[in-house]
Amino acid sequence: MTETLSTNQSHPPAEAPILEVRDLTVTFPNHKGDVKAVRGVDYEVMPGEFLGIVGESGSGKSVSSMAVMGLLPSNARIDGSIKYRGRSLLDMDDHEMSKLRGSEIAMVFQDPLSALTPVYTIGEQISEGLLLHDATMSKEAAHERAIELLRIVGIPGPERRVRAYPHEFSGGMRQRAMIAIAIANDPDLIIADEPTTALDVTIQAQILDVLQKAREITGAAIVLITHDLGVVAGHADRIAVMYAGRLVETGPVEQVFARPQMPYTTGLLRSVPNLATAGTQRLVPLEGKPPSLSNMVPGCPFAPRCPIAIDTCREVEPELIGHGTPGVAAACHRADEIASGELTAGSIFPRPEPVQKRVKNGDADRVLEVTGLQKHFPLLKGAVFKRQIGTVRAVDGIDLEIREGQTLGLVGESGCGKSTTIGEVLEMVAPQKGKIVINGVDVSELSKRDRLAMRKDVQVVFQDPMAAIDPRLPVGEVIAEPLTVHKVPARKRNDTVAEMLELVGLDANMADRYPHEFSGGQRQRIGIARALVTNPKLLVLDEPVSALDVSVQAGVINLLEDLRDSLGLSYLFVAHDLAVVRQIADHVAVMYLGRIVEFGASEDLYDNPQHPYTRALMSAIPVPDPAVEKSRERVLLSGDLPSPTDEITGCSFRTRCPLFALLPETDQDRCARDDPQPRRAESNLVACHFSERIHELEHSS
Amino acid sequence: MGKYVLRRFVNYFILAFIATVTAYITSSAFMDPAARYRGQNPPLSESSIKSILDGHGTNPDVPILERTWTWLTKIFLHGDFSTTVHNNPVFQEIMTRASVSLKLLLIGSILGAILGVVLGVWGAVKQYKASDQTVTYASYLIIATPTFVIGVILMIIATGFNRLIGTSLIRFSGEYTADIPPGFFPWFTDQLSHMLLPTLALVLMGAATYSRYQRSVMLDVLASDFIRTARSKGRTRKTALVKHGVRVALIPMSTYFAYAFGTLVAGSAMLEVVFSWHGMGEFTINSILQSDINAAAGSVLFIAVLTLISSTLSEVLYAALDPRVRI
């Protein structure tokens, strides 16, 4: 389906492009110097084409598309030209643009939680777009059409849901509603700005599916803006890579992914953990950070991070031009050498060597043992009158075990109970039910003083390094704070801080600087240094890289691996990104609705998942390789994660289980009746009655 | 739903009870009701003062808790809130005066809220433009000016205006003119000419504070993603702000409304004194000046009931505006 519509570069389409952007620059005036967010961007979009624009945060990818929509703040200075079907958009006023917006050019935004007006029903918000562009349409007709649109984007029970308010929809459903709004007037161009970034992988797969469907129905061209190379690989025809406000490489996805000509693209591709290869090889970090857009130095903006930069690169900024491969253009002085094969990806970004492991796998001591852990919350309803309407089974009897020097990956969708689990471990008090044993000591038997002492042994690194560090403290004090809690003398603290900074790859003399002077990746290193300062045995890592840009993720993951192996640390690594987990974890536990549904050694679980949920999770993860993506068979999960308050008899996964749907009725009864207990299947522990039939899934899809 | 409303009213009853009893006990402990009789000419004997105080139930020789108990049993058994120092029943006095005050307060605070919301939204949309700056400075000027100064300034302006047109069109002494011809129309114009200045003062004060809050809430909303979504559907900036922005920006204001209304009762006391209105504000101030324990407790009950009613209203308003909190 996608192939038939894709633009074939060897036979350029006869039609004219529907969108032509020429030499677009966007500048935001600022008293500290103007921020040049977009610095001369040229691209065009053919009718029906799927263009993926990739870049890190601050690369100008969103700003350039907001300029197309005419939705930039009024203080932005926009130059160049944007032509839609030959009409210049930059010459139109808000009134003329608003006739085009929503009818011919539509947009899907990143955060579905805030993109819908909370006080109007979903139906009203879809109808609004219809009525604005068709004065002859009646309210009833708009309502009917809204129901139909909701059905198209896969909302179950649209007649009822059309009257729901946004807060009654899950994130995935809201994003479907956003797509319904976007396709309402049959647009010719849909701009989707990070439409799946805020969503879980299983929901991401569903939404991308809906977007493809929307494209088939409307025949619209799609511009997908994302930082996720995997998403582009699976869906786009053409890719455009942005860096520091310019396009640095464009071309058909197959060619750019297979043979990138710009070192930045090469670096990005090599730094992303790939589900197919993760764990078998080290990631290649792309060090440094994008340049400040307010004080640009001459030359190629990537030169300071580029391992093959030559003197010319620091003097002249390269043009985006072709280097022999039809349809591919790259902005690099050495692209000819790369295109001809003189410079290979491996020679530009060589893989770093792993460090020697201090503790061998096997019969090491148990650092953390969790048995039958349970945490239920009463559910209250009503802002004015509170009352209990049920129980949230956040964690419903789970077992975990981590040995010295090993990493346990805990994965699952948001709301599955991952955070509650680590909260319970870190709290170090007797759980509602079950047992938590740290270093052989049952936490329920700890005295107050022992508990404080034990906190040294268990430290945590949080998800968002921007939010988790006090912006008003110099980082030296941030790192030293755990030591003050444990009453370490001041002089020793300073020495330790310097040591820690060097350990995580920062300069010891950076201790006096404030957090805002550091990049996201550096801040996460500070977070890690703060956690390591008490010399812990177990580090709880709560989504430690998910808030970071892709290019810096690799550096942090490598650092974590090195620290574990050289210091003999154990990790409880919580993440939703299965590729990242595979890269670092020895064992993996897959969590669903407060239960562990599958547990096993990393390679066993990834190579041969036994639980249908694990299988669906794996297949939902996009792989940054178009060849792999296009040949993959997907196991799509239907619907959202059920509310943990729902009473589901038997297996809690059966409401979404793709295998359940294939079972004969007698077997389905068993799923509905008996709660599956963990049992050995192949080499994993699996909570499924019918995991032996897991292979039937492949033949069905 | 009915059960929750009932529970809520029981809560309110308890709160009002605690507020009133606390007011009664503290004023009994610190006020000296005998003082106002001692300076009289001809002097009253100590025993006759005590017997007057016994009549009001405020004799300091009786232990406070005993007095409180007597006061409470009168209320609960006979609906009798005791008498003021002028021997008027407290309850009747409050009823007459409440209608005077509420006429002023309701109209003034509602108009003030509406004007404040409009100015706040306008200021947010025109942020840092001359019009926004003007409204901002004017608001701070009004907020910084004491109530009675505003009242007096308005009176000076009105005097000048009356002199200019040659008749006293605007009246600012008392609540009504004593000798107006009968009939609805003369009564109505008389009411208008008396209410204009105190209402204007209330509206100015209300609008000044409301507009500050509304402006900052609206600025948050302006940056919201859903405004961008509305524009991406094809709304112009202006209609997106009006249709999607204002409605959402009103939600947090409804909470503020309750508290503002409660403090307004206290604030309007000054206005009543300045404009010689015999309302609840004047009653409250006088009760304190004259060491009138029963009247003070009654005033506190009035303010408590008013605050609780307005907080209920604000919750109803909140639920009406915001579907996320509906039950």
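Predicted model: local features only at pLDDT ≥ 70, side-chain atom pairs only at ≥ 80, totals over all residues.
Phe573(A) belongs to the largest nonpolar core, which has 265 residues. Leu572(A) and Phe573(A) have the most contacts inside that core. In soluble globular proteins, nonpolar side chains tend to be buried together.

## Overall build of chain A

Chain A has 27 helices and 24 strands. Its radius of gyration is 26 Å, close to the 27 Å that the globule rule gives for 701 residues, so chain A is as compact as a globular protein of that length. The C-alpha trace spans about 75 × 65 × 50 Å along its principal axes.

Of the 701 residues of chain A, 51% count as buried. Take the contacts in chain A between residues at least 6 apart in sequence: 70% of them join residues at least 24 apart.

## Positive phi in two loops

Asp186(A) is not a glycine, yet its phi is positive, near 55 degrees. Asp186(A) sits in the loop between helix 7 (171-183) and strand 7 (189-193) of chain A. It has 12 other C-beta atoms within 10 Å. Asp186(A) therefore counts as exposed, since the class takes in residues with 12 or fewer.

Lys487(A), also not a glycine, has a positive phi of about 55 degrees. The loop here runs between helix 18 (475-485) and helix 19 (490-503) of chain A. Lys487(A) is exposed because its C-beta has 6 others within 10 Å.

## Ser444(A)

Ser444(A) is in the loop between strand 17 (441-442) and helix 16 (448-455) of chain A. With 13 other C-beta atoms within 10 Å, Ser444(A) is partly exposed.

Not counting residues up to four places away in sequence, Ser444(A) touches Val429(A) and Ala430(A). Ala430(A) is 14 residues from Ser444(A) along the chain, but their C-alpha atoms are separated by 4.2 Å.

## Where chain B meets chain A

The contact between the chains involves 24 residues of chain B and 30 residues of chain A. On the chain B side, the elements giving two or more residues are helix 9 (225-232), helix 10 (237-274) and helix 12 (293-321). Helix 9 of chain B gives the most, with 7 residues.

By residue type, the side of chain B that touches chain A divides into 8 nonpolar, 6 polar and 10 charged residues.

Definitions and conventions. Residues numbered from 1 in each chain as written. Chains lettered and ligands numbered in written order. Contact = placed C-beta atoms within 7 Å. Helix = DSSP H or I, 4+ residues; strand = E, 2+ residues; numbered from the N terminus. Nonpolar A, V, L, I, M, F, W, Y, C, P; charged D, E, K, R; others polar. Buried ≥ 20, exposed ≤ 12 C-beta atoms within 10 Å, placed from the backbone. Rg over C-alpha atoms; globule rule 2.2 N^0.38 Å. Core = buried A, V, L, I, M, F, W, Y, C linked by C-beta atoms within 7 Å.
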